[in-house]
Amino acid sequence: MAFRPLHDRILVRRIEADEKTAGGIIIPDTAKEKPSEGEVIAVGSGVRDDGGKLVEPDVKVGDRILFGKWSGTEIKLNGEDLLIMKESDVMGVIEQTATMKKAA
């Protein structure tokens with residue numbers, strides 16, 4: 001099944017956090033919070049401004065984003081848990097620099 005968000009909505013897949021702390025302590029599932037980081041899967045066409053001109057979204061497919069804890073609506077699509085949210089719910093895009101990519 002294909003899904004295309006409308007207007008300024010985006011489809012996001014949550015990126016799970018590490019299961020261990022920096023000190024090596026394993027975090028049980030019951031103590032984990034839902035991650036507020038995700039990957040953009042699909043993007044709507046944008047919204048129209050007061051003059052009727054189409055304003056395209058700032059995020060694009062493949063972007064890693066940060067969003068609020070209670071942002072979006074959870075849906076299940078093809079057996080996968082995803083989020084639909086407005087672009088305004090996105091707090092920022094995580095950009096990896098070239099030096100970080102080389103270190104990995």
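D63 is buried, with a relative accessible area of 10%; buried denotes under 20% relative accessible area, exposed over 50%, and partly exposed the range in between, with a 1.4 Å probe and protein chains only. The structure is a predicted model, in which local features need pLDDT of at least 70 and side-chain atom pairs count only at pLDDT 80 or more, whereas totals for chains, interfaces and linings use all residues. Residues are numbered from 1 along each chain as its sequence is written, and side-chain values use heavy atoms, with hydrogens and water left out. The protein contains one helix and eight strands; helices (H or I, at least four residues) and strands (E, at least two) are DSSP runs, numbered from the N terminus.

**Overall composition**

- From the N terminus on, the elements follow the order β-β-β-β-β-β-β-β-α.
- Of the 104 residues in the protein, 25% are buried.
- The protein exposes about 7800 Å², of which carbon and sulfur atoms supply 52%; accessible areas come from the Shrake-Rupley method with a 1.4 Å probe, and for residues only the protein chains shown count as cover.
- Contact means heavy atoms within 4.5 Å. Among contacts between residues at least 6 apart in sequence, 60% join residues at least 24 apart.

**The sheet**

- Six strands form an open sheet in the order β6-β7-β1-β2-β5-β8, and the pairing is antiparallel. Two strands pair if DSSP finds at least two bridges between them.
- The edge strands are β6 (73-77) and β8 (90-94), each of which pairs on one side only.
- From one strand to the next, the twist averages 45 degrees; axes are lines fitted to C-alpha atoms, for helices over the stretch in contact, and angles run from 0 to 180 degrees between N-to-C directions.
- Five antiparallel bridges connect strand β1 (residues 9-14) with strand β2 (residues 37-43). V12 has V40 in β2 as its bridge partner.
- Strand β2 also pairs with strand β5 (residues 64-67), in the antiparallel sense and over three bridges. Here E39 stands opposite R64 in β5.
- Strand β6 and strand β7 (residues 80-86) are antiparallel and share five bridges. In this pair, K76 stands opposite D81 in β7.

**Nonpolar cores**

- A nonpolar core is a set of buried Ala, Val, Leu, Ile, Met, Phe, Trp, Tyr and Cys residues joined through side-chain atoms within 4.5 Å.
- In soluble globular proteins, nonpolar side chains tend to be buried together.
- The largest nonpolar core has nine residues: I10, V12, V40, V59, I65, F67, L83, M85 and V90. Strands β1, β5 and β7 are the elements that give two or more residues to this core.
- A second, separate core has five residues, including L11, A42, L82 and I84.
- With neighbours within four places in sequence left aside, V59 is in contact with I10, V40, V43, I65, E87, V90 and V93.

**Charged pairs**

- A search of the whole structure finds seven salt bridges, each defined as a side-chain nitrogen of Lys or Arg within 4 Å of a carboxyl oxygen of Asp or Glu.
- Side chains of opposite charge can pair when their charged atoms come close.
- R13 lies in strand β1 and E39 in strand β2, 26 residues apart, and the pair links distant parts of the chain.
- Another joins the side chains of E80 and R13 (2.5 Å, N to O). This pair also links distant parts of the chain, with E80 in strand β7 and R13 in strand β1, 67 residues apart.
- R13 is partly exposed, with a relative accessible area of 30%; E39 is partly exposed at 29%, and E80 is partly exposed at 30%.
- Salt bridges that share partners join R13, E39 and E80 into one network.
- D81 and K76 also meet through their side chains in a salt bridge (3.2 Å, N to O). Both D81 and K76 are exposed.

**Surroundings of D63**

- D63 is located in the loop between β4 (54-55) and β5.
- The C-alpha atoms of D63 and E39 are separated by 5.7 Å, although these residues are 24 residues apart along the chain.
- Not counting residues up to four places away in sequence, D63 touches G38, E39, V40, D58 and V93.
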